[in-house]
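Let's go through the salt bridges in this one, a pair at a time. Have a look at the model first.

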Amino acid sequence: MHLLIPAAGSGKRMGSDRNKLLLPLLGQPILAWTLQAAAAAQTIEWIGIIGQPIDFDDFTTILTDLNLTKPVQLIQGGSTRQESVYNGLQALPTDAPTVLIHDGARCLATPDLFDRCAAALQTCDGLIAGIPVKDTIKVVDSELLIQDTPDRSNLWAAQTPQGFSVPLLRKCHDEGVAQGWEVTDDAALFERCNLPVKIVAGEETNLKVTTPVDLAIAEFILKSRNLGH
Ligand code: CTP
Ligand code: MG
């Protein structure tokens, strides 16, 4: 299985002056944790890291330190996540029939989650890791007046990995460019093209490091894992 890791963001919500994936988390950069988990997943055989050229020296240092045995390629990202994944799809080896896409910022995903998504992708064309939402979700208007309270039992929080047939995902991305769709995950492009996307059980600890408090929570989770072993 080929894996693309979008890592070309800037981390605005983290309030950091550089790519948040380079911030330290328990002794190594966030991206190193993500890469370690991906490399430990048996089904992953190739990793493409999508980044901004300004970060490539730091990415190379991380890769040298990790000394992974799997092939890794650096791919130039775009100005949105959608553009970054688009570039990643162009850079995939031509023999890749399916692909997993996993945000660099989800550094707590386990090797088992990658392997379960890879296995499930043998039986469908599109899937995402997801978990049931715990909060009651409100739909609001621009004045913050609540318009609706959707039935929580139908609501799932989308995570990554997300996995797809490569030719179908390429088509959906092309359609997204043609129609000017702006989306925050790849499943949304599949959905807009009326293609089915399945949910695979995600992990409650598979948070996306987005704001400073997420870093503190991620550190706590990693520490408790260490204690457990
Ligand atoms: N990403 C990307 N290319 C972009 C923007 C984001 O590859 N142009 C990646 C990020 O590096 C991250 C993932 O997409 O791994 C999810 O994005 P997000 O958590 O929003 O990260 P940032 O965009 O860096 O953060 P922010 O939105 O707060 O600026
Ligand atoms: Mg972003």
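Q: Is Asp-103 buried, partly exposed or exposed?
A: This is a predicted model, where local features need pLDDT of at least 70, side-chain atom pairs count only at pLDDT 80 or more, and totals for chains, interfaces and linings use all residues. Side-chain values use heavy atoms, with hydrogens and water left out. Buried means under 20% relative accessible area, exposed over 50% and partly exposed in between (1.4 Å probe, protein chains only). The relative accessible area of Asp-103 is 11%, so Asp-103 is buried.

Q: Which residue forms a salt bridge with Asp-103?
A: A salt bridge here is a side-chain nitrogen of Lys or Arg within 4 Å of a carboxyl oxygen of Asp or Glu. For Asp-103, the closest N and O atoms are 2.8 Å apart, and the partner is Arg-81.

Q: How many residues apart in sequence are the parts tied together by Glu-204 and Lys-134?
A: These two form a salt bridge, with the closest N and O atoms 2.5 Å apart. Glu-204 sits in the loop between β11 (198-201) and α7 (212-228), while Lys-134 is in the loop between β7 (126-132) and β8 (139-140), so the separation is 70 residues. Helices (H or I, at least four residues) and strands (E, at least two) are DSSP runs, numbered from the N terminus. So the value is 70.

Q: Which helix holds both Glu-219 and Lys-223?
A: The two form a salt bridge, closest N and O atoms 3.1 Å apart. They lie four residues apart, about one turn, in helix α7.

Definitions and conventions
Residues numbered from 1 in each chain as written. Chains lettered and ligands numbered in written order.
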